[in-house]
Every structure is written in structure tokens, then in C-alpha cells.
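Here are a few friendly notes to read alongside the model. Please keep the sequence and the 3D view open as you go.

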Amino acid sequence: MSLFNIYIPSKSRSDCITGKKLKEHKINFKIVIEPQDYDDYVKKWDNLLILDKNDKGISYVRQSIINYAKSLNQKYI
């Protein structure tokens, strides 16, 4: 487990350039998506964190990431 945990919020951009670079360098990360984008992303990525609601804004997404990381006892994200 790495010291830092990387989460990439993404919406309607399943060709995530940042994700491609991280994968290329074998760095663990999760792409955070809304349920409405699942079908598109699951075709290209297996490391997804799916939110429970659509269209709630970046504040909601960031808080969801923090809550998820805390549930795993991750200190740095």
C-alpha cells in the first residue's frame, strides 16, 4: 500500500489521460464516477469508485472521496 492514495474525479471522460499515465507508470489509483457514467467507464477501466448519486457537483464528489478514504483508514489522499 502506498503512502498516498490517488482518486481522480471524472465525468463523461472515460478516455482519462491522467489515468492512462498513472497506469503506464504502475501507480495505483481509482477513477471516481457517477452511476450514469458507469457503462462507458467499465469498458475501459477496472479501478472505479462509483458514487451513489448523479449530478451533485464537485463538492459532493470530494466529500464522498474523503468519506471513502476514511472508511479505509487512509490518511493521505
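1. Helices (H or I, at least four residues) and strands (E, at least two) are DSSP runs, numbered from the N terminus. Helix 3 is followed by Asn 73, which has a positive phi near 60 degrees.

2. A word on the source: this is a predicted model, where local features need pLDDT of at least 70, side-chain atom pairs count only at pLDDT 80 or more, and totals for chains, interfaces and linings use all residues. Residues are numbered from 1 along each chain as its sequence is written, and side-chain values use heavy atoms, with hydrogens and water left out.

3. Now look along helix 3, residues 58-71. Its 14 residues reach 20 Å from the first C-alpha to the last, close to the 20 Å expected at 1.5 Å a residue (1.5 Å times one less than the number of residues).

4. Which residues of helix 3 are buried? They are Val 61, Ser 64, Ile 65 and Ala 69; buried means under 20% relative accessible area, exposed over 50%, partly exposed in between (1.4 Å probe, protein chains only). These four lie on the same side of helix 3 because they cover an arc of only 130 degrees around the axis, taken from the directions from the helix axis to the C-beta atoms.

5. The buried residues of helix 3 pack against strand 1 and strand 2 (29-33), with contact meaning heavy atoms within 4.5 Å. On the face turned away from the buried side sit the exposed residues Ser 59, Lys 70 and Ser 71.

6. Finally, visit Ser 10, in the loop between strand 1 (6-9) and helix 1 (17-24). Ser 10 counts as buried because its relative accessibility is 6%. Leaving aside neighbours within four places in sequence, its contacts include Ile 31, Val 32 and Tyr 41.
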